[in-house]
Amino acid sequence: MNYLDTAAAHGLDDVDFEVPAVLANAVDLARSAIEHLGDGKAGAHLGVVGEDEAAASHYFEANVPGYRGWQWVVVVATYPGSDKATISEIALLPGPDAVVAPEWIPWDERLRPGDLGPGDLLPPEADDPRLVPGYVANGDPAVDEVALEIGLGRIHVLSPLGRDEAAERWHDGEHGPATEMARSATATCDTCGFYLPLAGALRNEFGACSNELAADGQVVHAHYGCGAHSDTPAPKGAGSPAFEPYDDGAVETVSRPRVVEPAAESGLTVAEGQAETETETASDAAPEPVAEAEHPSSTP
Ligand code: SF4
């Protein structure tokens with residue numbers, strides 16, 4: 001079978017029919033090179049592709065555990081006028097159905113909120129648009145006042161973009177005004193004694209909750225709210241604010257009707273039988289009178 005027949009038999013569409021015959025017919029040479037390598041057997045020959053006038057690549061199915069769909073590729077070479085081919089290169093490459101790793105994504109594009117762990121270092125990107133140098137006005141009066149007038153401050157401060165993005169995340173987050181907790185609350189955070197407003201431009205909209213039984217330490221929107229608001233009225237009685245208490249110490253006496261059943265043989269009712277038994281027991285238990293003349297101590 002020549003290389004044209006081989007290509008047709010294995011359905012390899014991209015066979016270069018200009019491959020020199022000496023290279024196209026070097027199938028056995030290529031297969032023996034794979035077996036000599038000792039890293040796995042070569043399966044069916046899939047075809048040959050010309051690289052240039054002196055080189056061609058032979059493709060084989062790779063019978064290598066863990067490499068389903070991969071192919072052995074053997075590059076054979078010759079020189080013009082020669083009737084011999086030699087091995088130039090062997091590689092194991094993924095075929096069209098191979099199981100391969102997902103496309104690599106740079107680490108800084110893979111990061112997600114919550115990925116940062118203790119000891120991790122995460123510098124901001126160069127020219128991060130969320131930050132501006134501390135010596136320029138950033139639009140936040142409280143920050144600009146310190147940074148510009150006194151000349152002190154941080155190397156970087158939030159840019160207007162960074163501030164807007166943070167405010168949007170917090171507004172739409174789990175402590176925003178549209179959450180079920182906020183909609184169920186009777187009062188909002190900005191009227192709560194546990195609410196600590198932020199400094200700066202976000203002061204009117206956000207603060208930190210300091211109630212350990214609520215959103216303690218979290219940034220909450222001024223119009224968020226919860227049932228632990230400092231003005232939540234105390235419950236009546238000793239129960240929970242939502243339910244009336246159940247006093248299981250109170251005892252209620254309930255009288256039960258007496259059940260009267262017919263006696264099995266006597267035809268008396270249970271009540272009559274009990275009465276008769278009680279009467280007989282009383283008469284049997286009465287002590288017999290003892291005559292004083294019969295007493296031994298009275299004998300002269
Ligand atoms: S206790 Fe509730 S209402 Fe008060 S600040 Fe915290 S989250 Fe807001």
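Modeller: Start with strand β8 (residues 206–209), which is joined to β9 by three bridges, the two running antiparallel. In β9, V220 is the bridge partner of G207. This is a predicted model: local features need pLDDT of at least 70, side-chain atom pairs count only at pLDDT 80 or more, and totals for chains, interfaces and linings use all residues. Residues are numbered from 1 along each chain as its sequence is written.

Biologist: What counts as a strand, and what as a pair?

Modeller: Strands (E, at least two residues) and helices (H or I, at least four) are DSSP runs, numbered from the N terminus. Two strands pair if DSSP finds at least two bridges between them. Strands of a sheet pair through backbone hydrogen bonds, either parallel or antiparallel.

Biologist: In which order do the strands of the open sheet lie?

Modeller: The order is β7-β8-β9, with antiparallel pairing. β7 (195–197) and β9 (219–221) are the edge strands, each pairing on one side only.

Biologist: How many bridges join β1 to β2?

Modeller: Eight bridges join strand β1 (residues 41–52) to strand β2 (residues 55–63), and they run antiparallel. A42 stands opposite A62 in β2. The two strands form a hairpin with two residues between them. Next, seven bridges join β2 to β3, again antiparallel, and A56 stands opposite V76 in β3. The hairpin of β2 and β3 has six residues between the strands, and G66 there takes a positive phi near 85 degrees.

Biologist: Why is strand β3 described as largely enclosed?

Modeller: A residue is buried if 20 or more other C-beta atoms lie within 10 Å of its own, exposed if 12 or fewer, and partly exposed in between; C-beta atoms are placed from the backbone. Six of the eight residues of β3 (residues 70–77) are buried, so the strand is largely enclosed by the rest of the structure. β3 also pairs with strand β4 (residues 86–94) over eight bridges in the antiparallel sense.

Biologist: Which residues of helix α3 are buried?

Modeller: An α-helix has 3.6 residues a turn, so residues three or four places apart point the same way. In α3 (residues 27–37), V27, A30, A33 and I34 are buried. They cover an arc of only 130 degrees around the axis, which puts them on the same side of α3; the arc is that of the directions from the helix axis to the C-beta atoms. On the other side of α3, D28, E35 and H36 are exposed.
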